Amino acid sequence: MRITGRALVSAAGLCLADAVQRALTGEHEIAHREGWPFAAMPLAGDWAARMSQALALLSTAAPAPAGSAFHIGSSSWQIGGADLAERVGVLAESPSRFAAGVAKQLGVTAPPRCFSVACVSGLAALDAAQGELAANRAQQVRVVGLELDNAYTRQGFAALQLLSSSPCKPFDLQRDGLMLGEAVAVLDCDAGEGAGWHLTGSGTALDRSGPTSADASGEPVAAAIRAALRRAGRVPTDIGVVKLHGAGSPMTEPAEAAGLRAVFGEVPPCVSFKSLLGYTLGASGPAEIALLTACLDEGWIPATIGFEVSDSALGLTPTTMKLRWDGCPALVLAMGFGGQVWAGVLERRA
Amino acid sequence: MSRIVQQCRNVIDEAEARARLRDRLGAVPRRLGGWTELALAGALSIEVPLGSVGLILVSALGPVNETLGALQDVFDGAPMMPFGFMQSQPAVSLSVMAAQWPQIARATCMLGDDDAVRYAMQMADAWAREGVRYTLVGQIDADAGRSDWVLVAGDEN
């Protein structure tokens, strides 16, 4: 599956080029919500106004290909609209109706396919697009990851004691939790074989250690990576860069590191974007794929913002400075509530 | 094209859902929330085959009642309860169901109506090409007490 277009509105800027610049220079700003650090999109107004601005920016940056199908992943859908009015009636509107409104603002009239699988929602949408294109049921699919700030999600994560009181520190010895963020990202995909970025294989696994925990053996993570490599026709030594899940969580990072070490032995250069973009939950997959591929197009693997001190127990150190990208395939890794693990291989073809 | 190999339609209230869980599992698993209890109670009507099995939950509103309950806490200024938030996450429901059937190899949740169910059947074909021969597809509507399930054999071709 080829990625023919991409766009991102995030805490790292109102367009993908701004996000790339910030990823490569390390410049970033952290806001706060109810005392928690938060990666906020630089947009003014209430939830609805900010949503509308973000969609308008995306629509301009990446006009929808004609006849696109529409897949969307989110974990919060229209819940921010309920926060806004301090009323709950907005939830009576189905997420698919809300998503149809988003599709319309993004220039797509096809019925939305809505995926709600917590932090891998956007990747579930991408996976479904891959299947739809492979079966020739669509010629183009617009995949959207959408997550905007809302008190419900924030307080839910706070209740689970998953948030850090300081900015995200992926794989750092001092990491102590997540920093939420917001983003809306678009990936346009087709089944073309031509030049550009291709998702050549993806794999999933279920971690059965518990709804919010992670198997420290790393087996589910390794299983997802191996499946992705197998479907891509690749071996571990082909991979030149890993986009980590890298949420700064004391719980998931041992599992992530163990899984990567099990597959790679010596892990290729690896980077996390969650200290720049925040943990954008259902949007994180498309958002981080858009940013990763755009950075690599510039020839660079960015440094991991927020990382300072290695944790010897993890046996994995993310990038501490930007590195030249050698053109080798990239591995993308993501984890989510309910034990969802997703891995994908991205390759740029000339 | 995927083929339905088992099918069951269930309209069950909360008490019956819990009775079914108690009957089949020996006890009602704790703190699932009504939406997950309904989904699981319905799915237990299906004889899930061995081998690699997929799971797709489809629902128009998802666990909306659980979300409303937790959201009301936010509006009332009360601290949100962790289990209240968890019960509003379909991904957690998927993990609860996967815990019942170790053969479930992949799982996802779609928010939508009958059209999403038809789409889920097409996804079962794509999953079959990746080695997931059977997929459980459930359509859950908590307000109507509906927990309808099919087991489909995906078409690998």
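Predicted model: local features only at pLDDT ≥ 70, side-chain atom pairs only at ≥ 80, totals over all residues.
View 1. Chain A is divided into domain 1 (2-190) and domain 2 (196-349). Their C-alpha centres lie 19 Å apart. Look at the boundary and you will find 56 residues of domain 1 in contact with 62 residues of domain 2. Together the two domains bury about 4700 Å², with carbon and sulfur atoms giving 71% of that area.

**View 2. A salt bridge between the domains of chain A.** Here A:Arg175 and A:Asp311 form a salt bridge, with their closest N and O atoms 2.8 Å apart. Between domain 1 and domain 2 of chain A the count is three salt bridges, and 19 residue pairs are in polar contact. On the side of domain 1 that touches domain 2, several elements each supply at least two residues, including strand S1 (2-10) and helix H5 (121-134) of chain A. That side holds 32 nonpolar, 13 polar and eleven charged residues.

**View 3. Where chain B meets chain A.** In this view, 43 residues of chain B are in contact with 44 residues of chain A. The two chains bury about 3500 Å² between them, 63% of it on carbon and sulfur atoms. Watch for B:Phe85, B:Leu111 and B:Tyr119, which supply 18% of the area that chain B buries against chain A, more than any other three residues.

**View 4. Strands pairing across the two chains.** Strand S5 (residues 112-115) of chain A pairs with S3(B) in the antiparallel sense, over two bridges.

**View 5. A salt bridge between the chains.** A:Arg231 and B:Glu130 meet through their side chains in a salt bridge (3.8 Å, N to O).

Note on methods. Residues numbered from 1 in each chain as written. Chains lettered and ligands numbered in written order. Heavy atoms only, no water. Domains from an automatic or database assignment. Contact = heavy atoms within 4.5 Å. Buried area = accessible area lost by both parts, 1.4 Å probe. Salt bridge = Lys/Arg side-chain N within 4 Å of Asp/Glu carboxyl O. Polar contact = N/O pair within 3.5 Å; in protein donor to acceptor, adjacent residues only side chain to side chain. Helix = DSSP H or I, 4+ residues; strand = E, 2+ residues; numbered from the N terminus. Nonpolar A, V, L, I, M, F, W, Y, C, P; charged D, E, K, R; others polar. Pairing = 2+ DSSP bridges.
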